Amino acid sequence: MKTIAKKTPWKFLFWFGPFLVAAGLTAGLVSNNWGAIPLALIILGSVIIGFWLLWQNKQSHWWGQRSTQAGTNALVATVAVLAILGLINFLGTRYHTRIDLTETKLFTLAPQSRELVRSLQVPAKVWVFDLNQDPVDRDLLENYHRQSSKFNFEYVDPQARPGLARKFGVKDYGEVYLESGDRRQLVQVVGPQERLSEVKLTNRLQQISSLGTAKVYFLQGHGEHQLSGTEDAISQAVQALNDKNYTTSPLNLAEKPSVPQDAAVVVVAGPKRALFETEIKALRDYLNRGGNLLLMIDPNTDPKVESLLAEWGVKLDNRLAVDASGSVGLGPAAPLVTQYGKHPITKDFGNGISFYPLARPVDTTPVGGIEATPLLLTKPYPNSWAESDQESENLQFNPESDRKGPLTLGVALTRKPSAKSQEVQPNPTPTANPTPTPTSPPVPKNETKANPTPTPTSPPVPKNETKANPTPTPTSPPVPTKNETKASPTPSAKPTATPTAPITTQTKANPTPSSPSSPSSPPTPSSPSSPSAESRMVVFGNSDFAINGLFDKQLNGDVLLNSVTWLSQQDQQPLSISPKEAKDRRINLTAAQANLLELSSLLILPMIGLVTAAILWWLRR
């Protein structure tokens, strides 16, 4: 008997489930609007699929079959792997971490760039007017953006947005502008041969985010390094300061023996001849009014600044700092520094390298009110010492005349204003004097410097010495108290006065006002050498580390730039390691070297491989 299969066309209703889900997803993705219709389609399709699975399990019990379990396990494993990969990508996007193996960390922002972006107070935006988005430039801008949400960037087609291009004054493709508030600056022009530079972008960002410019003066006239010109000049350092929004100018104190009022920092870079006494006095007066001084004094020079340095507890050792380790081939007369003091100037240097050709040690002694911090420390003995015999070619340590390391090659000092200079100078002539009655005898003249504390029946001491106007009345004679020991030997007469103003305790800086018949002694003015504001000083026993050709090597430039920034007392400016430019790693080969390289890669190496394979085949046959 032939069995006719029962038709179950409703079974094909299952396919409506995936169809509705696919239609809902397509509608939502295409319209980018997940409204009621896409959601309704997805929910309805999911319900149909669920009912179909339940019906299939009831009819054939397929859920308990081994094939179903194996398929389910495979499906769950696949979904789990996809979920793990998605989570890894999400964490990688959210918490960006990369390992930069390049020598100068080309693909990692320098500490100064990171610190500057994180400290932005006003949002900044980079506008790149170019059609093509170079991946290297975009990666650099992404690195900036990851440091702070206040830094953004945008690529713009100047032809598509001509109004914005006119606003910035764009003249050609590739121009990069930085905008912060109402300030705009051209960073650079990028192209196929020149990519976006972190150095230029960080410098422009620092300029546009700073509130003002600081003036740095370089003392000239005594053989100091010139600001431009020869190889012995410091034009690279001057240009780096200008890029950081400093204004640099030469200073000749022999022509005008006073430091300008707008000077934030005065730099004395390697004087060869002695300064005049008037110039030393001008620098001293500048420091006393809150100025900041950077001294770089080479060995075998005597600029006659010992008296100024002695006031700060600094002494220059004329012996030559020697580094006998020979680790990088700079020679023993160029000490290598990898250890730095705990100071804002060197806080991010770590174990970085800086070197100082022909340097002298700098010593400090404690001085009241001055805080000294060593900046640069050489290696300990026997790797370094201070050599007294600078004429000998064979440098050997002599325990009688030489000095063991480690040596200090640089020091930072801070002098706080003294309490005496901060006090308000009293007016020697009070604006108001007590008016005695005819029965009150005058106060003797030899009692003007006394500071007694009288009983309530004695003459009053007016509060603040200027506004009180007590009128004494006849009473009994005053009785001296025990704390009247500092009074003058002549006892006071019998003034009879009842105070009508509160009695206050006088300090030594405020003389007691007397009656018109008893003139008071004038107060002692503060010394003219007393500092009136905080002043700072940095002293290096070397100046050649900042000359052209050495300034951009290792951390030499960062030492100078951070010193000037700290001296200018611009605490909002970052003190860290500046970004570096990429080094040119091209290899220039001669014709013979190029031919040898070609033969070795095309003939010699393949022949070595073939011969090795033939030998192995012969041994195994």
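Author: Val-216 stands opposite Thr-248, which belongs to strand β6. This is read from a predicted model. Val-216 is in β5, where it points one way together with Ala-214 and Phe-218. Lys-215, Tyr-217 and Leu-219 point the other way from β5, and the residues of both groups are buried. Strand β5 covers residues 214-219, and because six of its six residues are buried, it is largely enclosed by the rest of the structure. Its pairing with β6 (residues 246-251) is parallel and consists of six bridges. Strands of a sheet pair through backbone hydrogen bonds, in either a parallel or an antiparallel sense.

For the setting, the protein has 13 helices and 19 strands. Of its 621 residues, 38% count as buried. Among contacts between residues at least 6 apart in sequence, 74% join residues at least 24 apart.

Next, a sheet and the helices on it. Four strands make up an open sheet with mixed pairing, and their order is β2-β1-β3-β4. Its edges are β2 (151-156) and β4 (183-189), each of which pairs on one side only. On average, and ignoring direction, neighbouring strands of this sheet are turned by 20 degrees against each other. Within it, β1 (residues 124-129) pairs with β2 in the parallel sense, over six bridges. Helix α7 (residues 198-209) lies across β1, β2, β3 (175-180) and β4. Against β4, helix α7 runs at about 170 degrees.

Then the charged pairs. Side chains of opposite charge can pair when their charged atoms come close. The structure holds 19 salt bridges. Four residues, Asp-317, Arg-319, Asp-363 and Arg-403, are linked in a network of such bridges. In one of the pairs, Asp-317 and Arg-319 have their closest N and O atoms 2.8 Å apart. Asp-317 has a relative accessible area of 10% and is therefore buried, whereas Arg-319, at 23%, counts as partly exposed. In another pair, Asp-363 and Arg-403, the closest N and O atoms are 2.7 Å apart. This pair links distant parts of the chain, 40 residues apart, with Asp-363 in strand β14 (residues 362-364) and Arg-403 in strand β17 (residues 403-404). Asp-363 is partly exposed at 22% relative accessibility. Arg-403 is also partly exposed, with a relative accessible area of 24%.

In β17, Arg-403 is the residue opposite Ala-386. The two strands concerned, β16 and β17, pair in the antiparallel sense over two bridges. Strand β16 (residues 384-387) is also joined to β10 (residues 320-323) by four bridges, and those two strands run antiparallel. In that pairing, the bridge partner of Leu-320 is Glu-387 of β16.

A further salt bridge is formed by the side chains of Arg-536 and Glu-534, at 3.1 Å from N to O. Arg-536 counts as buried because its relative accessibility is 9%, which is under the 20% limit for that class.

Two places remain. Lys-416 sits in the loop between β18 (408-415) and α11 (419-422). It is partly exposed, at 46% relative accessibility. From C-alpha to C-alpha, Lys-416 and Gly-369 are 6.1 Å apart in space, although 47 residues separate them in sequence.

The other place is helix α13 (residues 591-620). At 1.5 Å a residue, its 30 residues should span 44 Å, and its end C-alpha atoms are 43 Å apart, so the two values agree.

Methods. Residues numbered from 1 in each chain as written. Predicted model: local features only at pLDDT ≥ 70, side-chain atom pairs only at ≥ 80, totals over all residues. Heavy atoms only, no water. Pairing = 2+ DSSP bridges. Axes fitted to C-alpha atoms, helices over the stretch in contact; angles between N-to-C directions. Contact = heavy atoms within 4.5 Å. Buried < 20%, exposed > 50% of the residue type's maximum accessible area, 1.4 Å probe, protein only. Expected span 1.5 Å × (residues − 1).
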